[in-house]
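Please consult the sequence and the model shown below while reading.

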Amino acid sequence: MNAKTLKCASNFINALSTCCDELTTKERIVIFNLLSGLSQKLVGIRHPVLNVRLVEANLVFNNDFGAESITLSEDCALKKSIRKEGLTMPIVVGQCSGKSGYTVTDGAHRMEIIKSEPDIRESLANHIPVVIINNMKDSTAHSIKDHAVG
């Protein structure tokens, strides 16, 4: 990267950071999603994890094949961890077929906690951090679920 391009990028980032206080939460989320996509494009690595999006919680739905059950103590530990450390991994989703929104393929328990716990939902501005797997078929979703760890 030449010095002129680097200076331009630096000026853009500085200008954006100075106006953050004037932006609404909705505007910040739109900019975050744009920057996430730009960041993935910038590094030139096409792995979905490099493009985390914030999606309205009401647009994220559980899948039809269901999540593995967890014990009450595991559920409490997960809630405690999210409250203490924050959400550390995005939810993996695919585009819903036949309706708008996204279907969870990995992270159903975390998604349910975000939706059901008011303090956690509010801490995420009623949004869920997701990684979107495009053009996912049911067989792919089952494969992701079967091989997911954690």
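How many disulfides does a search of the whole structure find?

## Basis and cysteines

The search finds zero disulfides, a disulfide being a pair of cysteine sulfur atoms within 2.5 Å. Cys 19 is in no disulfide, and the nearest cysteine sulfur, that of Cys 20, lies 5.6 Å away. Cys 19 is partly exposed at 23% relative accessibility, whereas Cys 8 is exposed at 52%. Here buried means under 20% relative accessible area, exposed means over 50%, and partly exposed lies in between (1.4 Å probe, protein chains only).

The model is predicted: local features need pLDDT of at least 70, side-chain atom pairs count only at pLDDT 80 or more, and totals for chains, interfaces and linings use all residues. Residues are numbered from 1 along each chain as its sequence is written, and side-chain values use heavy atoms, with hydrogens and water left out.

## The nonpolar core

The largest nonpolar core contains 16 residues. Such a core is a set of buried Ala, Val, Leu, Ile, Met, Phe, Trp, Tyr and Cys residues joined through side-chain atoms within 4.5 Å. The residues with the most contacts inside this core are Val 60, Ile 91, Val 93, Val 104, Ile 128 and Val 130. Two or more core residues are given by each of strand S3 (91–95), strand S4 (102–106), helix H4 (108–116) and strand S5 (127–133). H4 supplies the largest share, four residues. These elements are DSSP runs numbered from the N terminus (helices: H or I, at least four residues; strands: E, at least two).

Within H4, the buried residues are Ala 108, Arg 110, Met 111, Ile 113 and Ile 114. They pack against strand S2 (60–61), helix H3 (72–85), S3, S4, helix H5 (118–123) and S5. Ile 128 has contacts (heavy atoms within 4.5 Å) that include Val 60, Ile 91, Met 111 and Ile 114, residues up to four places away in sequence not being counted.

Leaving aside neighbours within four places in sequence, Ser 36 is in contact with Leu 50, Asn 51 and Val 52.

Leu 42 belongs to a nonpolar surface patch of about 460 Å², made together with Val 43, Ile 45, Val 49 and Leu 50. Patches consist of residues with over 30% relative accessible area and no salt bridge, with nonpolar side chains (Val, Leu, Ile, Met, Phe, Trp, Tyr) joined within 5 Å and like charges within 9 Å. A salt bridge is a side-chain nitrogen of Lys or Arg within 4 Å of a carboxyl oxygen of Asp or Glu. Areas come from the Shrake-Rupley method with a 1.4 Å probe, only the protein chains shown counting as cover for residues.

Glu 56 is in strand S1 (residues 53–56) and is partly exposed at 42%. Its C-alpha atom is separated by 4.3 Å from that of His 127, 71 residues apart along the chain. Beyond residues up to four places away in sequence, Glu 56 touches Asn 126 and His 127.

Neither is a glycine, yet phi is positive, at about 55° for Ala 125 and about 60° for Asn 126. Ala 125 is partly exposed at 33%, and Asn 126 is partly exposed at 38%.
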